[in-house]
Amino acid sequence: MRLWLCGVRGSTPAVGPEFSGVGGHTSCVAIGDDEGPPRLIIDAGTGVREIAGLLDGAAFRGTILLSHLHWDHTQGLPFFAAGDRPDAVVTLYLPAQGTPALELLWRVLSPPHFPITPRDLRGRWSFHDLETGTHPIEGFEVLARAIPHKGGRTFGYRVSDGRHTVAYLSDHAPQQLGPGSDGLGVLHDDAMELARGADVLVHDAQYCARELASRGSFGHAAYEYAVELACAAGVTRLLLFHHDPARTDAEVEAFLLGARRRVGRSGRSGLTVEIARQGTVLRL
């Protein structure tokens, strides 16, 4: 399994030299086989534009899973060059929430807000609701679970090829379920099920613990919670993800140092913590 990090920011893109080391595109992660091109995309923030460069001029033929419908996870759709062409074949799933998937996307992708609609995307596109549970998608086993996040139903995903597993909890506000043992949020059952034993956990780290008092209601986690979840779930590798758009490279690096110190204090020597950086390719 290969994992491409195409967009790692949250909320809005970040532009400028102080952000270039981590990257400025919003959420998009692509998954494929060891040698094949990406065929499963999780979230379509502005980072989805980078997929075209991974396909050597070919059209995208695969599936997009949206974790939820906030702008930073959908804004790249009309700029997805590899999917917006006559020979593209794209299946798109989003969390079911009582209104058909196409109608929900139409609300944000149509005049007067944008000049085209989802139906104007070239190629063969289909739009579907997804419920929680386990689904066979693009040759992978995908587990979808609802996780707390402000402003619409949000899913975390667990993707497995039978040998390796990636867990993706991009926008996650566990504090909405209670403070937990240390005030960071509850290690709730759905998060544990998604993360348990994963080779890689891609997790929301938009804030730090001291910011939760003023920003916790915005719907995101502290990096310290990501570490606690990774330790409790027996994760091998944690990627701190969904960086705040105002967080400079130096400030993100400070979060990484804090996270590694927290791992050291936990005694969990088998856990590696890294920053999710745009352009990174992981081979599992």
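The model is predicted, so local features are taken at pLDDT of at least 70 and side-chain atom pairs at pLDDT 80 or more, while totals for chains, interfaces and linings use all residues. Residues are numbered from 1 along each chain as its sequence is written, and side-chain values use heavy atoms, with hydrogens and water left out.

Let's begin with the open sheet. Its 7 strands come in the order β6-β5-β4-β3-β2-β1-β14, with mixed pairing. The edges belong to β6 (124-130) and β14 (281-283); each has a single partner strand, so one side of each has no neighbour in the sheet. On average, neighbouring strands here are turned by 20° against each other, direction ignored. A word on names: helices (H or I, at least four residues) and strands (E, at least two) are DSSP runs, numbered from the N terminus. Two strands pair if DSSP finds at least two bridges between them.

Inside that sheet, β2 (residues 28-32) and β3 (residues 38-42) pair in the antiparallel sense over 4 bridges. Look for alanine 30, whose bridge partner in β3 is isoleucine 41. Helix α2 (residues 101-108) packs on the sheet and touches β5 (89-95) and β6, its direction making about 110° with that of β6. Contact here means heavy atoms within 4.5 Å. Axes are lines fitted to C-alpha atoms, for helices over the stretch in contact, and angles run from 0 to 180 degrees between N-to-C directions.

Strands β7 (residues 133-137) and β8 (residues 140-146) are antiparallel over 5 bridges, with histidine 135 opposite valine 142. Their hairpin has 2 residues between the strands, and glutamate 138 in the turn has a positive phi of about 55°. Of the 7 residues in β8, 5 are buried, where buried means under 20% relative accessible area, exposed over 50%, and partly exposed in between (1.4 Å probe, protein chains only).

Valine 142 also stands opposite valine 159 in β9, as β8 and β9 pair in the antiparallel sense over 6 bridges. Strand β9 (residues 155-160) then pairs with β10, again antiparallel, over 4 bridges. Arginine 158 sits opposite alanine 167 in β10. This hairpin has 4 residues between its strands, and glycine 162 takes a positive phi near 95°.

How many residues of β10 (residues 165-169) are buried? It's 5 of 5. Thr165, Ala167 and Leu169 point one way, Val166 and Tyr168 the other. β10 is joined to β11 (residues 200-204) by 4 bridges, and these two run parallel; tyrosine 168 faces valine 202 in β11. With helix α3 (residues 189-195), β10 and β11 make a right-handed β-α-β unit. Right-handed means that, with the strands pointing away from the viewer, the path from the first strand over the helix to the second runs clockwise.

Finally, there's helix α6 (residues 249-266). At 1.5 Å a residue, its 18 residues should span 26 Å, and the end C-alpha atoms are 26 Å apart, which agrees. That expected span is 1.5 Å times one less than the number of residues. Buried residues in α6 include Val252, Phe255, Leu256 and Val263. The helix's buried residues pack against α5 (223-233), β12 (237-241) and β13 (272-275).
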